[in-house]
Amino acid sequence: MVQLLGPDGTFAPSAAAEEFLPYFERLTEADYRKFFKDMVTVRRFDTESTNLQRQGQLGLWVPSHGQEGAQVGSAYGARSQDHVFPAYREHAIAMIRGVDLLNLIKLMKGITHGGFDFRENNNFHLYTLVIGSQALHATGYAMGIKFDGDYATGNPETDQAVIVYFGDGATSQGDVSEALVFSASQQTPQVFFVQNNHWAISVPVSVQARVPIYRRGEGFGVPGTQVDGNDVFASYAVTAKLMDDARAGKGPALIEAMTYRIQAHTTSDDATRYRSESDLEEWIAKDPISRLEAFLRDKGTDSSFFAEVHESAADFAADIRNRTLTVTNPDIYETFDKVYTHPHPLMEEQKAWLQAYEASFGDEGGAA
Ligand SMILES: Cc1ncc(C[n+]2csc(CCOP(=O)(O)OP(=O)(O)O)c2C)c(N)n1
Ligand SMILES: [Mg+2]
């Protein structure tokens, strides 16, 4: 496993980390601090969103608590021209790509179909709740990049690659297998990033995979690398290298980031029914934020830095809360306008039917 930072924050690269070290060495003190700030901010946002769900503001929330190391590191491993295909708990990656996180809130409030266009959001694509289907979207997109010749030209500023995120459970889906087959045979410029958080709702990863997940790629011809997903530096270095390789035309790669889902699967799940307290404690001890904090403190980072980060994260969460409370429901007729990209006669017909039905109630008000 590739690891640079141990659970106690000691910098001790594992043997497997050697080929990725040059990527770590590019990072500056400012980058370390940025990684830390992003992890703290998104965890605070995640807690606020969970609270908003508990208070009846959202239909559902999907926590990312514990997975910030895998997400923040890998997000910085992609370049702005790359395309990112998330599953549904990649909040840190959305934030780093410049997505207004209120759009995620609106999605979980059930009032948009995603609410943003990837072209306006630094190539961050729509959240996908159908397990694994984004792997096919990503491979299709990467095939497009290949056919258009938008990679392997030798220009790092314009060559593109794709990164797709999914979970350990998703690796059992046919869609993911098909995406790997096509990616290998077409040698697409792409990285498959698996966050192995050890659970697919209540099903443990030991039931999903008899071999470590990073080895699953090999059978398809996609080489795999296992990384400590709670080590933000390792996640960054491995992703940055493999995305560079993909952009340069060296073919696809699979990364398995070992992490843990500290909260329940979603706010609709009760994780105490299927997992042990001792497992949880073991993983809390490997927390990605506290290990980077230990590293930074050891380097002499002033306490005021940590206080400022927590304060700004609280402000970020307060802003999300305030804006969530002002969000209004969209006009019901918009539903018909957003099924197709262009006006569609069937949608016009259905919309007219609903309008006539509503009007039939006269002044008593509509059924909707
Ligand atoms: C095609 C499909 N089947 C089943 C579900 C129900 N479902 C939602 S999340 C989930 C588990 C996914 O686990 P994993 O891929 O490990 O991702 P994680 O939520 O752990 O990040 C399942 C089975 C779904 N959303 N889509
Ligand atoms: Mg999982």
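**Close-ups of a predicted model**

**View 1. β6, α10 and β7 form a β-α-β unit, and a right-handed one.** Everything shown here and below comes from a predicted model. The two strands of the unit, β6 (residues 224–228) and β7, run parallel and are joined by 5 bridges. Look for valine 227 in this pairing: its bridge partner in β7 is alanine 257.

**View 2. Strand β7 (residues 253–258) is mostly covered, with 6 of its 6 residues buried.** Ala253, Ile255 and Ala257 point one way, while Leu254, Glu256 and Met258 point the other way. Glu256 is buried along with the rest. β7 also pairs with β3 (residues 190–196): these strands run parallel, with 6 bridges between them. Here valine 191 has alanine 253 of β7 as its bridge partner.

**View 3. The largest nonpolar core takes in 88 residues.** Val164, Val191, Ala237 and Ile255 have the most contacts inside it. Zoom in on valine 164 and, leaving aside neighbours within four places in sequence, you'll find it in contact with Phe85, Gln134, Ala135, Ala138, Gln190, Phe192 and Phe193.

**View 4. Ligand 1 sits among 15 residues.** Ile131, Gly167, Gly169, Ala170 and Ala200 come nearest. Two or more residues of the shell come from each of β2 (162–167) and β4 (199–200). Sorted by class, the shell around ligand 1 has 8 nonpolar, 4 polar and 3 charged residues.

Notes. Residues numbered from 1 in each chain as written. Chains lettered and ligands numbered in written order. Predicted model: local features only at pLDDT ≥ 70, side-chain atom pairs only at ≥ 80, totals over all residues. Core = buried A, V, L, I, M, F, W, Y, C linked by C-beta atoms within 7 Å. Buried ≥ 20, exposed ≤ 12 C-beta atoms within 10 Å, placed from the backbone. Contact = placed C-beta atoms within 7 Å. Near = placed C-beta within 6 Å. Helix = DSSP H or I, 4+ residues; strand = E, 2+ residues; numbered from the N terminus. Nonpolar A, V, L, I, M, F, W, Y, C, P; charged D, E, K, R; others polar. Pairing = 2+ DSSP bridges. Right-handed = clockwise from strand over helix to strand, strands pointing away.
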